[in-house]
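Here is a brief report on helix packing, an annotated domain and a chain interface. The structure comes first.

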Amino acid sequence: MTDVTVRADDAIPAAEVEDVELYHPKSWVTKYVYCQDAKVIAIQYSLTAMAIGLVALVLSWLMRLQLAFPGSFSFIAPTDYYQFITMHGMIMVIYLLTALFLGGFGNYLIPLMVGARDMVFPYVNMLSYWIYLLAVLVLVASFFAPGGPTGAGWTLYPPQAILSGTPGRDWGIILMLASLILFIIGFTMGGLNYVVTVLQARTRGMTLMRMPLTVWGIFTATVMALLAFPALFAACVMMLFDRLLGTSFFMPSVVELGSYLQYGGGSPILWQHLFWFFGHPEVYIVALPAFGIVSDLISTHARKNIFGYRMMVWAIVAIGALSFVVWAHHMYVSGMDPNFGFFFATTTLIIAVPTAIKVYNWVLTLWRGDIHLTVPMLFALGFIVTFVNGGLTGLFLGNVVVDVPLSATMFVVAHFHMVMGVAPLLVIFGGIYHWYPKITGRMLNDRLGKFHFWITFLGAYAIFFPMHYLGLLGVPRRYYELGEMAFIPPSAATLNIFITAAALTVGAAQLVFFFNLAWSLFRGKLAGSNPWHATTLEWQTPQTPPAHGNWGKELPIVYRWAYDYSVPGAAQDFVPQNQPAATGAAA
Amino acid sequence: MAEPALTNTGEALTRPAGWQQIAADWSSDQRAFKNVSWGKVMMWIFLLSDTFIFSCFLLSYMTVRMSTTVPWPNPSEVFALTIGGKSIPLILIAIMTFILISSSGTMAMAVNFGYRRDRARTAALMLATAAFGATFVGMQAFEWTKLITEGVRPWGNPWGAVQFGSSFFMITGFHGTHVTIGVIFLIIMARKVWRGDFDQERRGFFTSRKGNYEVVEIMGLYWHFVDLVWVFIFALFYLW
């Protein structure tokens, strides 16, 4: 700890860059609609992501109803079911998780946490949101297009994605690909801003190794996204050409209804490589911000410095780098050379090392801490348990011999929902409960929050734990109904009804959360500027909620790292980052 | 909205050399790249991201070229022009490449004159660069027209693998789009330089922010990148 805490005699370097001049909004429209303030853009991103997330939630209800009571609902045809699966997956991974973590949390927290007035290029940042909104609208449009949205599965594997048997073949797939391309363009505009802000616009005294881990997580995830999304961009462009122009990038010769289609000579495996070169880093694009945020939540609410800060930073960077060389573990059943399987299994298992370092450090941070079981802390603890659970099944699936029989079963569904569905969502909830007081000036209702946590946390286990068992029985994923299969006992159907009951309950509990968000905005307890007694800069702003420009006249100066909690001899159990060492050690 | 590139504190940064300097810069506060403006860092990172897009397109082209069972058309014959009764392979591409490389030269000179605040020469050289770029795109349009009249389509061609046309139109089209965007921005920036916007600190129409002469250099980064990518396309598509 001594190497990151600065002594009083350490001089803070002079400012290297002139203070920026901000564009101040002149009307209601430029203040709340076409706004260039990162904080407003963050809220716009978050609300849009949550709105489209609600659509995905309803889709999951419909899927669960079908799985529990096959054939009972006339409005769920097999084609509908495939469309629900596809849109649920795509919305949750890209339009909700990625947008909320990077566009929402990233926009709000990066400038505040590094002590900047705003993102470096606010106008480009604003464009980023409006292109994201356009991407969401194009996605929503596919629900109303003739034939409905695409039902190709969220991985959109060719050749089936663009053949006539797949639902949404006429318009759905085109709108899906167009929406993804727009999303990537919009994200790149925002992502460049986040990266440059962290690298070049920190305040005096804020070295990289004094940044809160939240910023490290979002920063590394953004760098990864800027390198991974290009693969998806190229793949989407090529598939769009395959569908619209009749090119054959991904399409081999296909016989359909007894006659050859015009396609021939393309490589369906190429799509899988490009998709997963994006897809695997994508897992960590939503996981790394969660890692960062959860580190800060745990440290703040356990009133203890994060254990092994430097290791935590390097683990984030190592996970980010390694995640680019593991993508083919999603393709063990694609018929690749076993030697490749060996290579990718090895790299996959190596990722467990930095990830385990992080888990140990979280636990050691909690060790003998002054743990306050606040709502954000509950969600943070829930995340650790859930992430470990999901991560362990990841070790199963990373091995070729275990993965091959489990491929395309409910086991895989259970694994990825635990590790990159439930776990990051718990952090998102925790983050919202933690920062809502700063964003609105009011606390979220504690009782509703605890109710929301317990239903969500226990309910998620009720949903996904039994799915592991179903997967081991051999129940396949993505099936509309099971029919009569000799190897699946009738009890699987009972279990499916149980899972559905849990899923509907958890879904309903989210409505309590949304009610809490709206109710507390007007009726919540007034928060004050620093209700959690946190050290990081966003809690030290002159106003709450922070005004445009964040810091009033003078930018803050940072004297210490972000984790001076319970420092022996200090007056309070926390020392803010902008408090000079001399006064901090007094009393 | 670009930042002043200088360290305006009066006190010079004392920095070690070599690797130690990199370590010192990255462990310092405020900026990881000392004396590099926000705009320039942003362009570099964007170009890194764009490199990945072009790499994906080129790797995909190589993959389908290997996956198809139909022979690949011979680029030397396909891209030959008959001039004065003689068929000269790759002559058009050679001229196009020469023009694009030349435009990098004028761009570099424009950056130089930009930092000398020589408005007239900077604007003139930027316009010359734009003219070279427009010529390149024009010749590309000619090349496309010629191939289309010979029967090349994204979904087929008279000589062999259908992926030939798909890859050709996609890759050269994506690169041509980059050149076209570059030409448009070169003309906009040349107008700003010519009018003296950066001397008068005139505010941008959309962003309401002041620019400075550094945008010429940032524009140059983009332009040189587009040239460099062309070299790879030339080598991997036309010469292979």
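## Helix packing in chain A

In this predicted model, α2(A) and α4(A) run roughly parallel to each other, because angles under 35 degrees count as such. Their packing angle is about 10°. The axes lie 10 Å apart. Helix α2 of chain A spans residues 38–68, and helix α4 of chain A spans residues 122–144.

Which residues of α2(A) and α4(A) make the contact? From α2(A) come A38(A), I41(A), Q44(A), Y45(A), T48(A) and I52(A). From α4(A) come P122(A), N125(A), M126(A), Y129(A), Y132(A), L133(A) and V136(A). By class, the contact of α2(A) with α4(A) has 10 nonpolar and 3 polar residues. It has no charged residues.

## Annotated domain in chain B

An unreviewed UniProt entry annotates residues 40–240 of chain B as "domain: Heme-copper oxidase subunit III family profile". Over residues 40–240, chain B is 75% helix and 4% strand. The end C-alpha atoms of this stretch are 35 Å apart.

## Interface of chains A and B

How many residues of chain A are in contact with chain B? The count is 44 residues of chain A, against 43 residues of chain B.

On the side of chain A that touches chain B, α5 (172–200), α6 (213–244) and α7 (268–301) each supply at least two residues. The most come from α6(A), with 8 residues. By class, this side of chain A divides into 28 nonpolar, 12 polar and 4 charged residues.

Key:
Residues are numbered from 1 along each chain as its sequence is written. Chains are lettered from A and ligands numbered from 1 in the order in which they are written. This is a predicted model: local features need pLDDT of at least 70, side-chain atom pairs count only at pLDDT 80 or more; totals for chains, interfaces and linings use all residues. Axes are lines fitted to C-alpha atoms, for helices over the stretch in contact, and angles run from 0 to 180 degrees between N-to-C directions. Angles under 35 degrees count as roughly parallel, over 145 as roughly antiparallel, 65 to 115 as roughly perpendicular and the rest as oblique. Two residues are in contact if their C-beta atoms, placed from the backbone, lie within 7 Å. Ala, Val, Leu, Ile, Met, Phe, Trp, Tyr, Cys and Pro count as nonpolar, Asp, Glu, Lys and Arg as charged, and the others, Gly among them, as polar. UniProt positions are given in the numbering used here, feature names are shortened, and annotations may be inferred rather than shown by experiment.
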